[in-house]
Amino acid sequence: MTYAPLQNDRFLRALRREPVDCTPVWIMRQAGRYLPEYRASRARAGSFLAMAKNPDFACEVTLQPLDRFPLDAAILFSDILTVPDAMGLGLYFAEGEGPKFERPVRSVADVDRLGVPDMTQDLGYVMDAVSLIRRELKGRVPLIGFSGSPWTLACYMVEGGGSDNFSIIKAMALNEPAALHRLLEVTTDAVIAYLAAQRAAGAQALQVFDTWGGVLSPRMYREFSLRYLRRIAESLERGSGAERTPLILFGRGNGAYLGELADSGAEALGVDWLTDLSEARTRTAGRVALQGNLDPTVLYAQPDVIRAEVAATLESYGTGPGHVFNLGHGVSPDMNPEHVGVLVDAVHSLSKGRCG
């Protein structure tokens, strides 16, 4: 399929560590409940899952923040748990409790029943959404596709939902490491196929969310998370040169591993707010672009404070190319949309002349 030429490429240029006129910015969960128009769309759809599985609704809500703010990238509206859902685990959302699985993975036999989903049949609605969004963007900004990391997906698959202490999957890691590695292998195969299909459908950048990597000890992180992130970066076909589709690895609590992640082959690393960008830049030594990393709670502050914190984050990164501004995690539902607008405008205005 042929799409409209890209009008704003500063996000992709920054990921390639090329000079840009100002720092590009997008925000994790930029299409979300903090926007009244999103809440209206969700009410019409009937539920989060109904919205995520309908390409028209997914396109509608993906574009909503771009109509409000001069963001430099769109991100597919979907959920990281679409992959395990397509593996047959029965995703549902319990009111006030978040995502749950009807059939969690608790035994070797459960692992053995899993296979890589068919991207056309089982996850075709995601690819249809990617294609539709890319078409409807009309080249305004690039489109980001995404997946959860193998470890993070496995956490939900084994725990059966969210967790306070991840005791079930950590027990599996300690008592049955071979079974957990088999689970992570098939999940990694699925993630690679999923991201490749999104790229083929029109995604121009890809992000892997390792949300729960930070709950692991250093030894366990390297064994059960990092090794699979590396395999994704090494195995995922992304093209070459200016046409290469950049891969961003984002993890909460990943500061101690940024140097190792920079050797993975990914083009960029997302950094949470617990590590200064200056330190992240030192640890990665110019091998990757960096994305982040304003503490999301800054958006509860007054506009002048938000601008000051944006300035401090830009100063922490320093001058030169290779920075994509983002929050260290996602927007919360009770945040003021006007404060997001303040942040976006501050990033663009305060970063002029710093990114050459």
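Let us start with a charge and a ring: Arg281 lies over the face of Tyr317, 4.0 Å from the ring centre (a charge sits over a ring if NZ of Lys or CZ of Arg is within 6 Å of the ring centre and within 35 degrees of the ring normal). This is a predicted model, in which local features need pLDDT of at least 70 and side-chain atom pairs count only at pLDDT 80 or more, while totals for chains, interfaces and linings use all residues. Residues are numbered from 1 along each chain as its sequence is written, and side-chain values use heavy atoms, with hydrogens and water left out.

Now to the aromatic pairs, of which the whole structure has seven (rings of Phe, Tyr and Trp, with its six-membered ring, pair if their centres lie within 6.5 Å; planes under 30 degrees apart count as stacked, over 60 as edge-to-face and the rest as tilted). One of them joins Tyr38 and Phe77 edge-to-face, 5.8 Å centre to centre with 70° between the planes. Tyr38 is buried, with a relative accessible area of 3%, and Phe77 is buried too, at 5% (buried means under 20% relative accessible area, exposed over 50%, partly exposed in between, with a 1.4 Å probe and protein chains only). Another edge-to-face pair is Phe209 with Phe250, with ring centres 6.0 Å apart and planes at 70°. Phe209 is buried at 13% relative accessibility, and Phe250 at 2%.

Ring pairs also link Tyr38, Phe48, Phe77 and Phe93 into a cluster.
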